[in-house]
Each structure stands twice: as C-alpha cells, then as structure tokens.
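Me: I have a model open and want to learn how to read it. Please take me through a few features.

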Amino acid sequence: LLAGAVALMTTPHDILKQVFGFDHFRGVQEDVVMRVLGGQHTLAVMPTGAGKSLCYQLPAVAHEGTALVISPLIALMHDQIRSANAIGLRAASLTSADADRERTVERLKAGELDLLYAAPERATGDGFRRLISRTNVSLIAIDEAHCVSEWGHDFRPDYRQLKGLLDDNPDVPRLALTATADRRTRSDILTQLGIPDDGLIIAGFDRPNIRYNVRPRDGLPQQLKSLLAQQPGAGIVYAPSRDKAERIAEQMSGTGRPALPYHAGLDPQVRSRNQAAFVESEDMVMAATVAFGMGIDKPDVRFVAHAGIPKSIEAYYQETGRAGRDGDPAEAWLFWGAEDFARARQRVETEVEPDRRSGERERLNALAAFVEASGCRRAILLSHFGEDPPEACGNCDNCLDPPATIDATEVARKLLSAAFRTEMRFGVGHLADVLAGNDSEKVRSFGHDRLSVFGIANAEEIALVRSVARALIARDALRADAYGGLSFGPGAKPILKGERQITIAVPPPRKRTSRKRFDG
Ligand code: ADP
Ligand code: ZN
C-alpha cells in the first residue's frame, strides 16, 4: 500500500472503507481502534468472529512504522498474512517456517512493512529485541493474550517473557487481544502487560438467537433421539471421547437422520469427507469430539448438543457459538452428569501441573455453578465474560420454564457466618459439620465446637448447604481457594446485611454417594 494514499485518507472510517472495504465498524472495534490510535495501551476481549484482526491492522495502516504482532501459531500467522496481503497490506512473518527471513528483515529496516508477525519465543530473544530497537514500531499487538496468564486455560511461559520487549518500548501502544478471558485472567493480563485498568474493552458476547438448555443426563440415547425428533436442521453433538462420538453417530443414524462421526482418530480423508458432507447438508448430525468445528464455515448450524460437560464456560461458549451464525433461532443443549465433574476433577489432580490446578478447579466450579443454576443461563455466561446482563433473557430453559426454587437466604447467612467464624479457610464439608453441631475430631481440634455458629442449623438446612455454597460461589459471595477453602467475595456483605435474597433450585433427593459430588 502506498504511504501517500494512506495520508490522504483522513479518518479511520475512510481507511475502513477504502482499505478493508467495510462500511461500518462492528461492535467495539471503533472504541479499540480509537484508543490505539490515541496511543493508549488496551486489552480487547472479543468473541471469535468479532473482528479482532482489524483492531490492529487498521492502526497499522494509519500509523507510520511497523506494527508488531505477537501470535502463538505459525499457521494462524500465515492465514492472517495472506488475507492482509490480499487487501494490499505489507505483511510478513519471522518464523522458523519462513525461508525469506533475511528479506523480511531488510524490508523491516527499510520501513517497508506495515505488519510484522512473530511468535513469542522469537520475540523475546535478544536478537529480535535488538532488531526492534532499530525499527520504527507503531504498535505492539499481542494476540491470544490469555496465554500470558497462569489463570488462563492455555498458559505459555514465553508470553511472560514479553515484558522485556514491552519495557524496551514503553511508549509504543500495546494492544492485547483475546476471545476468552474470565475476570481473573483479564486482570492478570492487564498486570502482566502493563495495561491500565481503564484500558479494558469487552465486546458484546451475547448470542441472543441461541437458546440455552441444560439437563442432567438421564438415558442419553433417548434424550438425543427426542431432541432430534423435535429439532430440524444440521447440528453438532459433542462427545467426550472418540468412542462415544462413533457410538452416537451410529445411534443417530438409526433414527433415519443422516449422522457421521468426526474425531482425530479417523483417517484424514474420511475426516475431510465427513466435514464436507456436513457443510453441504441441511439436516445432518455430526457426532464429534472438540476437534471439530474450528474454522468450519457453516452459518446454518441449528443446534449444538453436548453429551458431557465441556472443559470450561469459555469452551462452552465457543462450542455453542457455532450454532446459529446466520442469526436464525438455534438451540444449545447440554446433558451433564455428576460423574463428568468427578472425572474432570480427578484429571486436574493427576494430570495437570500442580501450579495450574487451582485455576482449573475454579473453571470447574464456575461450570458447576452454570449447570446447577436455577436462574438465567445467559446471565451467567455473559457475566462470566464481564458483561452486566439483565437478570432474565427470556430465551433459556430457566427463563422459559423456571424450576421450583426455595428461599435459602437464612441458610446462606448461616454458612457465611460459619466461614467467617472459622477464619475463612475451611471447605463446605467442615462448615456443614460445624453448623450441624457434629462433634468430630477435626471440629474439636480447631475449637470450632465452642463457636456461636456450632449446631445452629437443623437437618433440613444442612441438606441445602452444598447447593447454597454453589449458589454463593456462583454469585461471588464466596470464593473457593485451591483446596476448597471458602472466603468472602464482594457478594457476601449484601446477603449478611439482609439486602439480598438467595434462591436456589430445589435440590434432588440425596443419594448415598451425593455427599462428595462437587468437592474440590
Ligand atoms: P476474530 O479474529 O475476532 O475471530 P477476524 O478478525 O478473523 O475475527 O474477523 C472475522 C470476520 O469478520 C472476517 O471475515 C473479517 O473480514 C470480518 N470483519 C471484521 N471486521 C468487519 C467489519 N467492520 N465489517 C464487516 N466484516 C468485518
Ligand atoms: Zn435466560
């Protein structure tokens, strides 16, 4: 692109129109672009498909110099570069897969690049930092910025090392971008990358045409069959394993509906044939592992069902987000079992590195609160992404058919008091023992039998304690640490002061084994 031509385009809107060919900014794009053009450090949290690339590509065009883009995946970089080049941007990457690295360095030195992409492991190296110190850098964009946080689901130590590069260039505006970041991860990104709190911009995550439904799993084949019977159109059923994907595909074919499996264990040719068939079809069911869906372009997927719990609320949002891209009504179904949580928790304790476990536990707690909620599902999803949604959406199972609930405010207050009196470090099991007046060894060894809260709850109330604890965690009145120890969150005070009611769904009758269901 000719620098002279850009200079003639006076406004960001002109550039949007003439370079990118778009008439309007979408959602928060304009806010992000304006902040970056104003030279301010920014973190943009935008869902997939919201148009994150434009947020750094447009400033890259508008400003003299080269925008540096840190991105973790070479394949992703090369895609981006192809589409940037296609609209006349001068973009290149420095990766092990680029044979023309020398030429790229020359272009960079000559000021002939609008965008330079690099992976964090290169960008943190001394050689690269020296190169950049001699370059006119207009912007540092950090894609997939959640990788910088140990709280994020995809921590990469190299992202931590970016600080050196950023410190070298304190006055260059930084733009961190991510599609998935809960509250904690977000504030970690801000701290790690030196972005001020007011630099956080969160896009609208709502997908109003998707109706969320969550059900306990109870005879899955039958549940799926009745779902298919009432649900026309193409859909995806996410299965927790390859075997289950195969089995579900078989069972669904038995109903007469075309159904195919998709998972990483299939021959690549079969996989791409199945995917192509799905994209073409108007009524096919794809029974797939989460390997399926990334990068497929099918706007008319009418439903996404989960045969077991997803990895996190973020993953759930991402996976269900593949339904209804055309804006027409679409359904999301989640069939979950307590054993899903048990298995996931076991995996965290045995397969996850110790210093990442507490983050994973929190992700599961948030997911548990979502599936168990008696209130609006959408409100939970959106507040997870930092939005402040209305209390009821009118388009989820709980809004359309509110479950029976009970007022558990009194139990909530007793539980909060017990947490407070025991110095906010014990889990729900111990707090229940104290409230019930169980004279156990542990209770006595801490002297908790002498507290005012000892034995203040009756059996009926004790039966609600665990549901109430989950509800309080969901409302951020209680926060669970890595060991399940409960302490107050900001939501505790209004409940203790009687300003806020706690309503929970009537818990199912307890089975003998149910006591350990959600223990962390
Ligand atoms: P993300 O990285 O957030 O998933 P992309 O940057 O890949 O999203 O953009 C998704 C799609 O939206 C692309 O096809 C892009 O061309 C398109 N797009 C981005 N911004 C706009 C806009 N303002 N108007 C119309 N289409 C846009
Ligand atoms: Zn709702």
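The dialogue below covers the ligand site, a sheet and a helix.

Reply: This is a predicted model, where local features need pLDDT of at least 70, side-chain atom pairs count only at pLDDT 80 or more, and totals for chains, interfaces and linings use all residues. Residues are numbered from 1 along each chain as its sequence is written, while chains are lettered from A and ligands numbered from 1 in the order in which they are written.

Me: How many residues surround ligand 1?
Reply: A residue is near a molecule if its C-beta atom, placed from the backbone, lies within 6 Å of it. Here 13 residues surround ligand 1. The closest are Phe22, Arg26, Gly51, Lys52 and Ser53.

Me: Which helix gives the largest share of the shell around ligand 1?
Reply: Helices (H or I, at least four residues) and strands (E, at least two) are DSSP runs, numbered from the N terminus. Helix H4 (residues 52-62) gives the largest share, with 3 residues. By type, the shell holds 5 nonpolar, 6 polar and 2 charged residues. Ala, Val, Leu, Ile, Met, Phe, Trp, Tyr, Cys and Pro count as nonpolar, Asp, Glu, Lys and Arg as charged, and the others, Gly among them, as polar.

Me: In what order do the 6 strands of the open sheet lie?
Reply: Strands of a sheet pair through backbone hydrogen bonds, either parallel or antiparallel. Pairing requires at least two DSSP bridges between two strands. The order is S8-S13-S12-S9-S11-S10, with parallel pairing. Strand S8 (210-216) and strand S10 (259-262) each have a single partner strand, so one side of each lacks a neighbour in the sheet.

Me: Which residue of S12 is the bridge partner of Ala234?
Reply: Val301. Strand S9 (residues 234-238) and strand S12 (residues 301-306) pair in the parallel sense over 5 bridges.

Me: Are the residues on the two faces of S10 buried or exposed?
Reply: Count neighbours: a residue is buried if 20 or more other C-beta atoms lie within 10 Å of its own, exposed if 12 or fewer, and partly exposed in between, with C-beta atoms placed from the backbone. In S10, Ala259 and Pro261 on one side are buried, as are Leu260 and Tyr262 on the other. Tyr262 also stands opposite Ala288 in S11.

Me: How many residues of helix H18 are buried?
Reply: In helix H18 (residues 377-384), 7 of 8 residues are buried. Among them are Ile380, Leu381 and His384. After H18 comes Gly386, with a positive phi near 90°.
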